[in-house]
Amino acid sequence: MSRTSRPPSHPRPPAPPGGRRKTPRRSARRRGELARRLGALLKLSVEIGAAPEERAICRTVVTGLNEGLGYDFLGLFLVDEASGDRVLMASVGWPDAPPGFRLPPGRGLTELPLVNGRLHYTPRVAAQARYVPGPNRGSEVDVPIVVDGRTVGVLAVESGAADAFDQDDFEILTAAANQAGLALARARLLAEERRRADEHEALLATMADLSAELELSKLLQATLRRAVTLLGVTGGELAIYDEERQQLEVVASVNIGKDSTGTRLGLGEGAMGRVAQTHEPLLIPEYAEWLGRSTQYADVTVHSVMVAPLLAGSRLVGAFAAVHADPARKFGPADLRLLNMFAPQAAVAIARARLLETERRRADEQRALLETMADLSGELELAKLLQAMLTRATTLLGVTGGELAIYDEAAGELVVVASRNIGTDSAGTRMRLGEGAMGRVAQTHEPLIIPSYGEWEGRSPQYSAAISFAVMAAPLLIGSRLVGAIATVHDDPSRRFGPDDLRRLNLFAPQAAVAIENARLYTAAQRQKQYFEDLVSNSPVAIVVLDRDHRIVSCNPAFESLFGYAPRDAVGRDLDALISTEATRAEAVGYTQHVLEQGPVRGMGRRRRRDGTPVDVEILGVPVVVDGELVGLMGLYHDITELLKARQDAEAANRAKSQFLAHMSHELRTPLNAIIGYSEMVEEEVGDLGHAELAPDLQKIRAAGRHLLALINDILDLSKIEAGKLELFVEPFEVRQVVDEVATTVRPLVEKNANRLELACAPDLGTMRADLVKVRQTLLNLLSNASKFTERGTITLAARREANGDGRDWLVFTVRDSGIGMTPEQMAKLFEAFTQADASTARRYGGTGLGLAITRRFCRMMGGDVRVASEPGKGSTFTVRLPAAVEAPAAAG
Amino acid sequence: MPKILLVEDNEMNRDMLSRRLQRKGFEVEMATDGRQGVTMAQAAPYDLILMDMSLPEIDGWEAARQLRAAPSTQQVPIIALTAHAMSGDREKAIEAGCDDYDTKPIELERLLGKMRALLDRNGGA
């Protein structure tokens, strides 16, 4: 309500100078006056209730009491909780004390109600020492303003006159003060609500900022700015806790008189160090006087300091400090409450951001590893790979140096293959399993951190001179198989390896193991490739590799020396066009095609050298299949010109031998015919001439001649067979008839040794188409053979016809004797020329030793064969199988 | 008494066979090569010709063909004699026009059997 709203019908009584005078009368007029004042008071109450906030309430109270109730000198103080000062909120008639004027504790009468919560009347202010001299040196009433049982302010009313107030005034002022207290309580509640809403909003904004700002340093700077604004302070700083070193590190600093970023504080050091230790917030009214201050802040002028730990759960994340540079401003419980609201949120946000940061760092590490692998995959040479890998590992882990060893399975030892910055070049050092750090991890298959190598009981004498500080080692494993080991070292005694380092090493180790294994396999493959390349390039056989289009991919030196084409002349060209002659082109292409379509091929052919001369080659073609896919073929050419010539020579020599034998046999036979013939003739004549006693001698001459003739005939047969001059004359004949004929012929011979000849012919023998002479001679040979080696026994000639599965008939002749038989060794050589069971056999049994060899050759010529089964002492059985229809060779001889 | 022409270049074989046949009652005349054999056979009638196949001038097969080609000697039986019983010799001989075939060295009884068979056949005709 404003002054202008004052009703004119109730003019204010003129106030005495210096204050309102006490009216002692209690008359009707006074009663009327009281009613009017009570009405004004009621109106004031309504007005107060409508005031929106503290300052407005205070002004309404003061104005209402002045205008409606006639008090001319008055003011309303509220207590500043932080300082305890009474701060003047509104006043009338006090020109020297503007709003905001402060009365510190210990001064002024207005403090009196604060002490006991009751109205205080001072009839003569001049008598009071604590009175702060003002214009009205009369009397004063001080009324407490109580909110929720607590005195939060004082309503002070003065008068220039001494003892100017009575009971009525006390009642009116108390009522007004009570109304003010109620209004203030409500306003404060409202303000609190609003403030909380604001704080909440601010926090939400902070969180939004924080979540958007993942980079830790920026996040912290933003958090700090937010906090400084929220708290209305001069500046502040934020530190995060380095768990490993157990230190706080200032990471953000705003307006504290210097850039303290990077400052490190031990636990307990300075304000932040203190709260980091106690996990409790701390208010420091005057930093310079505080005993716990840090020397690191000696150059900074701050006064009031408020500090809080940042805790995520019970875990220390960091610390936060807010400062006032204004000596007049002090931190109070409200600030602390705000801080307590802010700190955990900030801590959680920081923790989360750190987590994100860690995640990102891990992602970076993974990426670095991937890069490592990508880099290293290009580097398959083992030595370079290992050095590159070690360099990568030491960088990744931020260590001074390290070394890498691979496991020599054969020796059961680790061999250091790469070494970096460890004070000694350890490459080549060998360690047993269990020796030193790497030997230990190779044995246990577990990583290992050694805080101080020099003091470690397991140290290797090979290293104790070079390494004395922290060492971290890990085995390189593929599955459970040891591939090698890696060790990293710090040369700084203050550095230690922690779980994070171990985690990173564990990330790296398997990748390194695989890379080493790949490189090893590659090296092995290279070696093998080299081996094969050497083999190919040193091979005396010409080797050429073709693609699927018959184009030359590569060829070896032997190819050049055979055909005259160097790789540069040959590669890319069609092989068959290059080296085949016109006559052999189709055949060559056929070979190539066959290899590609059906598989390996072997053959012989004539090819052409670069100079046009022909060369006879043996050819081997094989498909080249890579990963199951046919990519081309490999051709091998072996120069057989010499070989062919040698064979032709040999064949010619053999032919010459056979011809010689045939010729010689013929030449021998002519005189033999004379010898045999004349001896027979004379044998016939001696009886007539009366010289019968000469007959036995003549018989001996004839027999010897016959034997010699048989030998010569057999040799002639064999040599003709070998010379390929023996022809096959196929004709049809009755099998039974031949058997009977042979039996008749051979019977005298069989019976000579008192043997019996038995025939066992199946009824369905029928006819066969074969070389009659050879069939007959075969049977005669076998029968005469049986006769020779059997005495007083039985010789059986059996014949039968057999149908075989493919519709062809076979004739099977069996000659069985009950003679002396043969051992397996004798049988093995039986069908070879000039062999009888042993040398004495020939002397004892006669024969040329060629009969069976000839027999077998005859049988084979006709597409059949002869076999023998025998046991010493139990006789032998020869079985001849011949096709019923012998195929006449197209061109024999 | 059958009259035989023996065509044989080898003197000892000629002498031996002729003497043995004469002892068995044959009248034997001799030629020493194929050409002479053909000439003699065409000049005078023989009951049977024994012809060696390996002969100088013209060989036994050619001689046999010529004898068969000439009307005067068309019907005279010819027995081919070869040095050795090789497959095909017999067929070649028959093909050339010989009536039979035997191998040397001569087994006299076997040869006489073949000779008698041919002489009986011709005599009966």
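Four salt bridges cross the interface of chain A and chain B by the rule used here, a salt bridge being a side-chain nitrogen of Lys or Arg within 4 Å of a carboxyl oxygen of Asp or Glu. One of them joins Arg20(B) to Glu684(A), with the closest N and O atoms 2.7 Å apart. The model is predicted: local features need pLDDT of at least 70, side-chain atom pairs count only at pLDDT 80 or more, and totals for chains, interfaces and linings use all residues. Residues are numbered from 1 along each chain as its sequence is written, chains are lettered from A in the order in which they are written, and side-chain values use heavy atoms, with hydrogens and water left out.

Five residue pairs across the interface of chain A and chain B are in polar contact, both residues being at pLDDT 80 or more. A polar contact is a pair of N or O atoms within 3.5 Å; within protein, one must be able to donate a hydrogen and the other to accept it, and residues adjacent in sequence count only if both atoms are side-chain atoms. Three helices of chain A each supply at least two residues of the side that touches chain B: H15 (641–688), H16 (695–722) and H18 (772–788). Helices (H or I, at least four residues) and strands (E, at least two) are DSSP runs, numbered from the N terminus. H15(A) gives the most to this side, with 13 residues. By class, the side of chain A that touches chain B holds nine nonpolar, five polar and twelve charged residues. Here Ala, Val, Leu, Ile, Met, Phe, Trp, Tyr, Cys and Pro count as nonpolar, Asp, Glu, Lys and Arg as charged, and the others, Gly among them, as polar.

In terms of contact (heavy atoms within 4.5 Å), 26 residues of chain A meet 19 residues of chain B. The area buried between the two chains is about 2000 Å², and carbon and sulfur atoms give 55% of it. Buried area is the accessible area (1.4 Å probe) that two parts lose on being put together, summed over both. Asn673(A), Tyr678(A) and Met681(A) lose the most area in chain A to chain B, together 26% of what that side buries.

Asn673(A) is found in helix H15 of chain A. Asn673(A) counts as buried because its relative accessibility is 5%; buried means under 20% relative accessible area, exposed over 50%, and partly exposed in between (1.4 Å probe, protein chains only). Leaving out residues up to four places away in sequence, Asn673(A) touches Leu709(A), Asn13(B), Met16(B), Lys104(B) and Pro105(B).

Chain A has 21 helices and 30 strands. Of its 893 residues, 44% are buried. Strands E21 (residues 601–608) and E22 (residues 614–626) of chain A pair in the antiparallel sense over eight bridges; strands pair if DSSP finds at least two bridges between them. Val601(A) has Gly621(A) as its bridge partner in E22(A). The two strands form a hairpin with five residues between them, and Gly612(A) in the turn has a positive phi of about 95°. In a regular strand the side chains alternate between the two faces of the sheet. The covered face of E21(A) holds Val601(A), Gly603(A), Gly605(A) and Arg607(A), while Arg602(A), Met604(A), Arg606(A) and Arg608(A) form the uncovered one.

Pro133(A) lies in the loop between strands E4 (120–122) and E5 (139–147) of chain A. Pro133(A) counts as exposed because its relative accessibility is 56%.
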